[in-house]
Amino acid sequence: MRSLINILMFLFVLSLNAQNAMEEKLPYFEIPKYTESYTANSVVARMIDGLGFRYYYHRRFAY
């Protein structure tokens, strides 16, 4: 019985930490500025930035 209470308390604290983590600022709250030159690396980096930006707003407004 005591171990069940400990597990429930642990899960409760874990859920509180998860809620606090959602309030922290994620790295893609805005898309960075364009680069001056277009290379394969800059295009891929820009695509990753766009995906991160969309993920940020999905996580922010989905709940």
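Hi everyone, let me start with Arg46: its charged end sits over the ring of Tyr34, 4.0 Å from the ring centre. By that I mean that NZ of Lys or CZ of Arg is within 6 Å of the ring centre and within 35 degrees of the ring normal.

A quick word on the model: it is predicted, so local features need pLDDT of at least 70, side-chain atom pairs count only at pLDDT 80 or more, and totals for chains, interfaces and linings use all residues. Residues are numbered from 1 along each chain as its sequence is written, and side-chain values use heavy atoms, with hydrogens and water left out.

Now the overall picture. The chain has 2 helices and 0 strands; these are DSSP runs, helices being H or I with at least four residues and strands E with at least two, numbered from the N terminus. Of the 63 residues, 8% are buried, where buried means under 20% relative accessible area, exposed over 50%, and partly exposed in between, with a 1.4 Å probe and protein chains only.

Let's move to helix H2, which covers residues 40–61 and holds Ser42. Is Ser42 buried or exposed? Ser42 is buried, because its relative accessible area is 18%. A polar atom of the Ser42 side chain lies 3.5 Å from the backbone oxygen of Ser37.

Phe53 is in helix H2 too. With a relative accessible area of 25%, Phe53 counts as partly exposed. How far apart are Phe53 and Pro32 in space, C-alpha to C-alpha? The answer is 9.8 Å, although 21 residues separate them in sequence.

Finally, helix H1 spans residues 2–23, and Leu8 is found there. Thanks, and I'm happy to look at the structure together with you.

Note on methods:
Polar contact = N/O pair within 3.5 Å; in protein donor to acceptor, adjacent residues only side chain to side chain.
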